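Please work through the exercises below with the sequence and the coordinates open beside you. Each task is followed by a solution in steps.

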Number of protein chains: 2
Amino acid sequence: MAFTYAYPHPAVATDIAVFTLRRGALNVLLIERAGEPFKGAWALPGGFLQPDEELDACARRELQEETSVEAEVLVHFGNFSAPGRDPRERVISVAYLALLASDELRLQADTDAAQAQWFALDALPELAFDHAMILKHALAALGARAREIQPLFALLPPRFTLSQLQGAYEAVIGEEAEKRNFRKMVATLACVRETEDFVHGAHRPARLYEPA
Amino acid sequence: MAFTYAYPHPAVATDIAVFTLRRGALNVLLIERAGEPFKGAWALPGGFLQPDEELDACARRELQEETSVEAEVLVHFGNFSAPGRDPRERVISVAYLALLASDELRLQADTDAAQAQWFALDALPELAFDHAMILKHALAALGARAREIQPLFALLPPRFTLSQLQGAYEAVIGEEAEKRNFRKMVATLACVRETEDFVHGAHRPARLYEPA
DNA sequence: ACGACTTAGTGTCGTCAATACACAAAGATG
DNA sequence: CATCTTTGTGTATTGACGACACTAAGTCGT
């Protein structure tokens, strides 16, 4: 089957930088490429736009197919269009940022992806294509959004302690926050509602909160 | 000449919402479509991505070709990919926002395409395609950026008075600002440098400032 | 020339958010 | 039951933001 056009058309693909929290640190989901080019290298999940498919839907579908991950938050943060960025043909990459709660880490690879794996940001492998640059932009976009707190909920379970929320905030922002000031900020934003339940750990129980 | 691919490829185009200030109000640049579809309707300037052309360059080129306008600031703010948005074929629109100083309003009346014209936002004609929605998103993106003041410089001449800057701010934000508070904010941001020159108008001369 | 007009430009106060800082409360563990 | 660790709170200071009224400087009309 062949598709013919009067003018050259680029291929259009989505690439997704999926982040989660593991042991308090931000991790990104990468797949090992099963085919050429860059066979065996690590890359962001992603793939080609299908006919009559919206870009958002493409990102969601590719993520599901390649890693069996259902993203809660999916945000477009940029396009990458350098002519030589894919050696096969011209590919415009529409880049998305996704956040995932840490307890939904069931990973599973399919044929496009030999395997999917989480990587801490300070232990990244070499990345295929221009994905290192895409990832850098994803982190910047994520940092810019995190100050509104709301996006962080996607990194946490449905109910969470304020310490967990602060941990997510610190991991994304990349710096530490004062506990009392952070709690005051959250209170000012009025973006969480306290529940009547507590989580009992090794020490004083912590109250659970949920998104307001 | 024909271009054939093993899988369907969408067309990729850029559309640009160019804003400027005219008589203190924000205006947007529209072109009258010379051909089908939507012949005779008004639309955002834009056009198809060429082989080996970056998206940013495509937006800049199309703007120049269709309206003879050289954009100072060009910012990507979203993609539009609804399958039916162009009746001819699948077209992914990569949308840009541009700002132009008001004294560079030489529009070419005799371009090959129909005419280009500025429209105040409260006197818009019906727009072709989904350009009304794209424009709505452009305004939202512009409003979000304007609070940092810096982007507004592109709407003004190289040197400007604080009243002009405030006028641009108000036009973009869509609400009035207190003169003293605005000046204090600008002073805090330290984003302008005062010059030794004054502009002499009908009344007390105003000091000229330039981007810091 | 001079008074009226119009725009440029400034100071203060109250409020509220952001920063820094120290201690009490609650439960787990040995 | 003493100790340890984590949760959770109050206060003082600073700096930004909002509201508010007046002086400064030059033009224009008479």
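This is a predicted model: local features need pLDDT of at least 70, side-chain atom pairs count only at pLDDT 80 or more; totals for chains, interfaces and linings use all residues.

Residues are numbered from 1 along each chain as its sequence is written, chains are lettered from A and ligands numbered from 1 in the order in which they are written, and side-chain values use heavy atoms, with hydrogens and water left out.

**Exercise 1.** Describe the contact between domain 1 of chain A and domain 2 of chain A.

Step 1. The domain assignment of chain A, whose bounds come from an automatic or database assignment, gives domain 1 (11-146) and domain 2 (150-211). Their centres, taken over C-alpha atoms, are separated by 27 Å.

Step 2. With contact meaning heavy atoms within 4.5 Å, 16 residues of domain 1 of chain A and 11 residues of domain 2 of chain A take part.

Step 3. The two domains of chain A bury about 1,000 Å² between them, 73% of which comes from carbon and sulfur atoms; buried area is the accessible area (1.4 Å probe) that two parts lose on being put together, summed over both. On the side of domain 1 of chain A, Leu21(A), Leu99(A) and Ala146(A) supply 44% of the area buried against domain 2 of chain A, more than any other three residues.

**Exercise 2.** In what order do the 3 strands of the open sheet in chain A lie?

Step 1. Strands are DSSP runs (E, at least two residues) numbered from the N terminus, and two of them pair if DSSP finds at least two bridges between them.

Step 2. The order is S9-S11-S10 (chain A), with antiparallel pairing. Strand S9 (160-161) and strand S10 (192-199) of chain A each have a single partner strand, so one side of each is left without a neighbour in the sheet.

Step 3. S9(A) pairs with S11 (residues 206-211) of chain A over 2 bridges, and Phe160(A) stands opposite Tyr209(A) in S11(A).

**Exercise 3.** Characterise the interface of chain A and chain B.

Step 1. Chain A and chain B each contribute 29 residues to the contact, and about 2,400 Å² is buried between them, 56% of it on carbon and sulfur atoms. Phe3(A), Tyr5(A) and His9(A) supply 23% of the area that chain A buries against chain B.

Step 2. Strand S1 (3-5) of chain A is among the elements that give two or more residues to this side. S1(A) runs antiparallel to S1 (residues 3-5) of chain B, joined by 3 bridges, and Thr4(A) has Thr4(B) as its bridge partner.

Methods. Helices (H or I, at least four residues) and strands (E, at least two) are DSSP runs, numbered from the N terminus.
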